[in-house]
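Colleague: I am new to this structure and would like a close look at a single part of it. Could you take one residue and walk me through what surrounds it?

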Amino acid sequence: MRLTDHVTLVAGGAYGFDLSDPLDCHVYLVRGARHSVLVDAGAGRSAESIVRAVRATGADPGRLLLTHGHADHAGGAAALAERLPGLRVLAGAEATGWIAAGDEAGVSLDRGKASGYYPADYSFAPCPQVEALADGEEIDLGGGVVLRAVATPGHADGHLCFHLRAPGHRALFSGAEPARLPGSRVRGQSEQAGGARRGRAVPRPPRGLARAGRAPSGGRPRHPRPRAAAEEHDMTPRDSA
Ligand SMILES: [Zn+2]
């Protein structure tokens, strides 16, 4: 699904347009004059269809940029790297260890399975070649198309947003809410998240955050609804519902 001259949506699951496996986040292909990259990987069960969608555009992405380590965004990194020769995988430094090892506790997949969000037979394929991408690093795709990593820890430790500058077009790939929502961090869960694990009700965050990212409740780890690249004219997270 071509969104702009430079951005194509190549996958998205139940929170999106049902283009691929229900677990998949939105997966974007960003193209410049010389290079292209993928933003996020999906959960891994639809890697073949993602590769077909990428190939259909004629692009040969050299890098996969992961916004964070949750399985719906990073679980497919190994499968894509296997199918796209030479693909470099990059993520926020704090997330690389979990992604490299397929650490299910580190990326909260254990709790996601316990809640039924992920099926019990799902596994996070280790992606040992993942490299760290630092806050502020820029990737020049040519023709004035540049992606900049912006550290936004909150939804998950090591979370990065990617800010796109392109001719006549700016956008932000947020991956998930950069807001600090109770129960949504990969590590360092708050006391409130502890309450969630024990099945207690969790206090709702301030109204603005709740609207932006959906508050967890009833102990079910939530992944905020993936959103399409938001126009930079308004960088404030907006409700996509
Ligand atoms: Zn997430």
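Modeller: Alanine 77, once its neighbours within four places in sequence are left aside, is in contact with Ala41, Leu64, Leu66, Val89, Ile99, Cys127 and Val130, where contact means that the C-beta atoms, placed from the backbone, lie within 7 Å. This is a predicted model, in which local features need pLDDT of at least 70 and side-chain atom pairs count only at pLDDT 80 or more, while totals for chains, interfaces and linings use all residues. Residues are numbered from 1 along each chain as its sequence is written.

Ala77 is also, with Leu64, Leu66 and Leu80, among the residues with the most contacts inside the largest nonpolar core, which has 55 residues; such a core is a set of buried Ala, Val, Leu, Ile, Met, Phe, Trp, Tyr and Cys residues joined through C-beta atoms within 7 Å. In soluble globular proteins, nonpolar side chains tend to be buried together.

One of the partners of Ala77 is Val130, and the C-alpha atoms of these two residues, 53 residues apart along the chain, are separated by 8.6 Å. Valine 130 sits in the loop between helix H5 (109–115) and strand E6, helices (H or I, at least four residues) and strands (E, at least two) being DSSP runs numbered from the N terminus. Valine 130 counts as buried because 25 other C-beta atoms lie within 10 Å, the cut-offs being 20 or more for buried, 12 or fewer for exposed, and partly exposed in between. Beyond four places in sequence, Val130 is in contact with Ala77, Val89, Ala91, Thr96, Ile99 and Ala100.

Conventions: Two residues are in contact if their C-beta atoms, placed from the backbone, lie within 7 Å.
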